[in-house]
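The following exercises concern a single protein chain.

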Amino acid sequence: MDKFRMIFQFFQSNQESFMNGICGIMALASTQLYSAFDFNCPCLPHYNLAYGLGILLVPPFILFLLGFVLNNNISMLAEEWRRPQGQRGKDPAVLRYMFCSMAQRAMIAPAVWLSVTLLDGKCITCAFCTWVPVGTLGNASHPHLSQGEIQRLLARIPCKEIYSGQQLIANEVAVRYLRCISQALGWCFVLLMTTLAFLVRSLRPCFSQAAFLKSRYWSHYIDTERKLFDETCAEHARSFAKVCIQQFFEGMSTDLVAARCHLPRKAPADAGEAAEKLLGITDQGTMNMALKSWHRCKPPLHLHPPALPTGNGWAGEGQPPTHPSAPRKETAAYYSWV
């Protein structure tokens with residue numbers, strides 16, 4: 001249990017670790033889903049290709065979309081892309097980094113599905129069984145068979161129990177031929193994905209490391225700013241609700257006192273603290289205006305240090321003194337009475 005707790009805490013440490021954990025779980029789920037899937041080829045000339053390619057390509061597309069849906073940054077990316085310009089500019093490099101980061105993580109589960117499917121070979125066998133070269137692997141001069149009948153016999157190759165074309169081509173030969181092609185494609189796909197990942201990881205720091213660090217930093221900043229804004233809004237809502245409830249019960253107690261029902265009144269200890277957290281926003285219209293203002297014109301990413309007043313009353317309007325005053329020299333004189 002301690003190891004699982006440590007792994008769970010690592011996944012919760014930051015957004016990237018959390019999303020890596022989600023993508024790893026989806027990759028494992030894709031393999032388990034394929035192993036539990038009951039593959040039944042229709043063994044019909046006009047349906048084998050659609051069924052085989054559908055099983056090969058449709059689930060990866062669904063897993064890719066799920067990778068985007070489960071990523072919390074997709075809403076942040078859409079919000080940053082669609083928000084007005086306001087007082088803060090939008091950096092296209094940051095948006096591209098966020099999209100590429102989400103796309104790379106979302107492609108893990110589809111890549112695992114494609115690799116497992118191609119290495120297994122059932123989809124390729126079902127989809128392309130009618131393309132088996134009968135002249136090379138079987139008896140193409142079999143009498144009394146038209147082209148349509150040959151296609152119907154070849155379409156039954158994945159269904160060993162109903163295949164009746166051993167005189168044309170042996171079932172084991174055709175299945176082994178198609179499975180070898182599928183496994184070759186699978187290993188080529190795995191090699192291609194591994195090579196691309198290696199090149200991206202190894203060559204990216206050699207060209208645009210500074211731009212990558214800048215985009216990554218501001219992507220983390222947007223995520224952190226959004227979380228802090230949500231926490232601040234939640235804290236303000238809690239304080240607002242607390243003050244509203246306290247005012248409601250104070251009004252009720254006042255009405256009861258006016259009705260000659262003497263009730264003990266005790267001032268809440270945290271009333272002042274809750275009122276301070278409202279930051280002067282004490283009605284619904286002002287809060288809605290503040291939320292709209294945050295969306296339309298976010299503050300610029302430039303922090304202004306507070307002005308330090310001096311002895312002559314300078315408060316930042318003019319330029320501060322650039323050179324400090326020179327230290328005053330003191331001399332001592334000694335007199336002798338001799």
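Predicted model: local features only at pLDDT ≥ 70, side-chain atom pairs only at ≥ 80, totals over all residues.

**Exercise 1.** Determine how many helices and strands the protein has, and state what share of its residues is buried.

*Solution.* Step 1. The secondary structure consists of twelve helices and zero strands.

Step 1. Of the 338 residues, 27% count as buried.

Step 2. Among contacts with a separation of 6 or more, 77% come from residues 24 or more positions apart.

**Exercise 2.** Identify the disulfides of the protein and give their pattern along the chain.

*Solution.* Step 1. A disulfide is a covalent bond between the sulfur atoms of two cysteines. Here the criterion is a pair of cysteine sulfur atoms within 2.5 Å, and the count by this rule is two.

Step 1. Cys41 is joined to Cys126, with an S to S distance of 2.0 Å. The torsion about this S-S bond is about 75°, so the disulfide of Cys41 and Cys126 is right-handed. The pair links distant parts of the chain, 85 residues apart: Cys41 is in the loop between α2 (15-36) and α3 (48-69), and Cys126 is in helix α7 (residues 122-127). Both Cys41 and Cys126 are buried.

Step 2. Cys43 is joined to Cys159, with an S to S distance of 1.6 Å. Here the torsion is about 90°, so the disulfide of Cys43 and Cys159 is also right-handed. This pair is 116 residues apart, with Cys43 in the loop between α2 and α3 and Cys159 in the loop between α9 (147-155) and α10 (171-258). Both Cys43 and Cys159 are buried.

Step 3. With bonded cysteines counted along the chain, the pattern is 1-3, 2-4.

Step 4. Examine the backbone at Cys43. This residue has a positive phi of about 55° although it is not a glycine, and its relative accessible area is 4%.

Step 5. Consider two further cysteines. Cys188 is exposed at 51% relative accessibility, whereas Cys233 is partly exposed at 21%.

**Exercise 3.** Describe how α3 packs against α5, and how α5 meets α6.

*Solution.* Step 1. Two packed helices are described by the angle between their axes and the distance between the axes. Axes are lines fitted to C-alpha atoms, for helices over the stretch in contact, and angles run from 0 to 180 degrees between N-to-C directions.

Step 1. The axes of α3 and helix α5 (residues 92-106) are 8 Å apart, at an angle of about 135°. Angles under 35 degrees count as roughly parallel, over 145 as roughly antiparallel, 65 to 115 as roughly perpendicular and the rest as oblique; α3 and α5 are therefore oblique to each other.

Step 2. Leu63, Phe64, Gly67 and Phe68 in α3 meet Phe99, Met102, Ala103 and Ala106 in α5.

Step 3. The axes of α5 and helix α6 (residues 108-120) come within 4 Å and cross at roughly 30°, which makes α5 roughly parallel to α6. Gln104, Arg105 and Ala106 of α5 make this contact with Ile108, Ala109 and Pro110 of α6.

**Exercise 4.** Which residues does Ser215 touch, not counting residues up to four places away in sequence?

*Solution.* Step 1. Ser215 is placed in helix α10 and is buried, at 6% relative accessibility.

Step 1. Under the stated exclusion, Ser215 touches Ala93, Val94 and Tyr97.

Conventions: Residues numbered from 1 in each chain as written. Heavy atoms only, no water. Helix = DSSP H or I, 4+ residues; strand = E, 2+ residues; numbered from the N terminus. Buried < 20%, exposed > 50% of the residue type's maximum accessible area, 1.4 Å probe, protein only. Contact = heavy atoms within 4.5 Å.
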